Each structure stands twice: as structure tokens, then as C-alpha cells.
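Subject: Structure for you to look at

Hello,

Here is the structure I promised you. Please open it beside this email and follow along.

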Amino acid sequence: MEFARLLVAHRQVLGARKGTRALGPFKQAVLVIRRFLDATRLLQL
């Protein structure tokens, strides 16, 4: 997924450490895309 790769690249630019996020890049990308496409609430996931 291209969006997940963009998130990984952005975190590398920021110098973020691995394992410091509650969600990985793929799950974070899915969350963002679902939120924009069908307004899914976080509790519904």
C-alpha cells in the first residue's frame, strides 16, 4: 500500500523510533483511508 510507505518515509524523516506507535504504518493507513471514505468511527473498528 502506497500510503503506508509514505507514512514510513515520513516517520524516518522525523527520526521517530521503531515500536513507538500504537498502530503500524499499514493499520494507520487503513484507519485514515476508512475514515475519509466512509466516516468510520474509531470505536467501530
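First, a definition: helices are DSSP runs of H or I with at least four residues, numbered from the N terminus. Keep in mind that this is a predicted model.

Start with helix H1, residues 2-14. H1 has 13 residues, which at 1.5 Å a residue should span 18 Å. Its end C-alpha atoms are 19 Å apart, so the two values agree. Just after H1 comes Gly 15, with a positive phi of about 80°.

In general, an α-helix has 3.6 residues a turn, so residues three or four places apart point the same way. The count of salt bridges comes to 1.

Now helix H2, residues 25-38. Its 14 residues should span 20 Å at 1.5 Å a residue, and its end C-alpha atoms are 20 Å apart, which agrees. Just after H2, Ala 39 takes a positive phi of about 55°.

How do H1 and H2 pack, and at what angle? The angle is about 120°, and their axes are 8 Å apart. That makes H1 oblique to H2. Their crossing is right-handed. On the H1 side, the contact is made by Phe 3, Ala 4, Leu 7 and Val 8. On the H2 side are Pro 25, Phe 26, Gln 28, Ala 29, Val 32 and Ile 33. By class, this contact has 9 nonpolar residues, 1 polar and no charged ones.

Best wishes

Key: Residues are numbered from 1 along each chain as its sequence is written. This is a predicted model: local features need pLDDT of at least 70, side-chain atom pairs count only at pLDDT 80 or more; totals for chains, interfaces and linings use all residues. Side-chain values use heavy atoms; hydrogens and water are left out. Helices (H or I, at least four residues) and strands (E, at least two) are DSSP runs, numbered from the N terminus. The expected span of a helix is 1.5 Å times one less than its number of residues. Axes are lines fitted to C-alpha atoms, for helices over the stretch in contact, and angles run from 0 to 180 degrees between N-to-C directions. Angles under 35 degrees count as roughly parallel, over 145 as roughly antiparallel, 65 to 115 as roughly perpendicular and the rest as oblique. A crossing is left-handed if the near helix is turned anticlockwise from the far one by less than a right angle, and right-handed if clockwise. Contact means heavy atoms within 4.5 Å. Ala, Val, Leu, Ile, Met, Phe, Trp, Tyr, Cys and Pro count as nonpolar, Asp, Glu, Lys and Arg as charged, and the others, Gly among them, as polar. A salt bridge is a side-chain nitrogen of Lys or Arg within 4 Å of a carboxyl oxygen of Asp or Glu.
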